[in-house]
Amino acid sequence: MPVGGVLKDTRRTRFGIRTVTVDAANGLRINGRKHVLKGGNIHHDNYMLGAAGVPDADRRKVALMKDAGYNAIRSSHNPASQATLDAADELGMLVIDEAFDMWRQSKRDADYSRFFDENWKQDIDSLVISGRNHPSVI
């Protein structure tokens, strides 16, 4: 909507600034506070809805994990969707964002390992860019 003849930018970017340390004596500390991860794995798909990131479905998965007492999510074998990261930010969950589970050795003939050597750098760049400004990503 124009404000004084100029379009008002209503987009907002969430971001978090934290100090994260890990050591044998104190474990994981975020902003100086010890955190014990209690979490589980989620896959990128939404069962019958398919592999697309559906905000309501992704939020439901994160909320169910939070309600079960978890404080962390590992995105199993694929980067988390933006909908999952947004839900984790909003609900206070920590996310361990995983790029891929296969590198050069395959589990099946048609898995990611076929593309690893030529795509891994760009895929890691995409993972980092996707997770930036998400305070949930550790």
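Mentor: Let us begin with pairing: two strands pair if DSSP finds at least two bridges between them. Helices (H or I, at least four residues) and strands (E, at least two) are themselves DSSP runs, numbered from the N terminus. Here 3 strands form an open sheet in the order 6-7-8, with parallel pairing. Strand 6 and strand 8 stand at the edges with a single partner strand each, so one side of each has no neighbour in the sheet. From one strand to the next, the twist averages 25°, where axes are lines fitted to C-alpha atoms, for helices over the stretch in contact, and angles run from 0 to 180 degrees between N-to-C directions.

Trainee: What kind of model is this, and how are its residues numbered?

Mentor: This is a predicted model, in which local features need pLDDT of at least 70 and side-chain atom pairs count only at pLDDT 80 or more, while totals for chains, interfaces and linings use all residues. Residues are numbered from 1 along each chain as its sequence is written, and side-chain values use heavy atoms, with hydrogens and water left out.

Trainee: How many helices and strands does the protein chain have, and what pattern do they follow?

Mentor: The protein chain has 3 helices and 8 strands. Along the sequence they follow the pattern β-β-β-β-β-β-α-β-α-β-α.

Trainee: Over how many bridges do strand 6 and strand 7 pair?

Mentor: Strand 6 and strand 7 (residues 72-75) pair in the parallel sense over 4 bridges. Within strand 7, Arg-74 stands opposite Asn-41.

Trainee: How should I read burial, and which residues of helix 2 are buried?

Mentor: Buried means under 20% relative accessible area, exposed over 50%, and partly exposed in between (1.4 Å probe, protein chains only). Of the 138 residues of the protein chain, 28% count as buried. In helix 2 (residues 82-91), the buried residues are Ala-83, Thr-84, Leu-85, Ala-87, Ala-88 and Asp-89. As a general idea, an α-helix has 3.6 residues a turn, so residues three or four places apart point the same way.

Trainee: What do the buried residues of helix 2 pack against, and which residue follows the helix?

Mentor: Contact means heavy atoms within 4.5 Å. The buried residues of helix 2 pack against strand 6 (39-42), helix 1 (55-67), strand 8 and helix 3. Helix 2 is followed by Gly-92, whose phi is positive, near 75°.

Trainee: How many salt bridges are there?

Mentor: Side chains of opposite charge can pair when their charged atoms come close. A salt bridge is a side-chain nitrogen of Lys or Arg within 4 Å of a carboxyl oxygen of Asp or Glu, and by this rule the count comes to 4 salt bridges. One of them joins the side chains of Glu-90 and Arg-59 (2.7 Å, N to O). Glu-90 lies in helix 2 and Arg-59 in helix 1, so this pair ties together parts 31 residues apart in sequence. Glu-90 is partly exposed at 43% relative accessibility, and Arg-59 is partly exposed at 34%.

Trainee: Which residue forms a salt bridge with Arg-74?

Mentor: Glu-98 does, and the closest N and O atoms are 2.7 Å apart. Glu-98 lies in the loop between strand 8 and helix 3, and Arg-74 in strand 7, so the pair ties together parts that are 24 residues apart in sequence. Glu-98 is buried, with a relative accessible area of 15%, whereas Arg-74 is partly exposed at 25%.

Trainee: Where does Asp-97 lie, and what is the nearest side chain of opposite charge?

Mentor: For charge, Lys and Arg count as positive and Asp and Glu as negative; His and the chain ends are not counted. Asp-97 lies in strand 8 (residues 94-97). Asp-97 is buried yet has no salt bridge, and the nearest side chain of opposite charge, Arg-74, is 9.5 Å away.

Trainee: Which side chain makes a polar contact with that of Asp-97?

Mentor: A polar contact is a pair of N or O atoms within 3.5 Å; within protein, one must be able to donate a hydrogen and the other to accept it, and residues adjacent in sequence count only if both atoms are side-chain atoms. The side chain of Ser-75 makes such a contact, of 3.0 Å, with that of Asp-97. A polar atom of the Asp-97 side chain also lies 2.7 Å from the backbone nitrogen of Ala-80.
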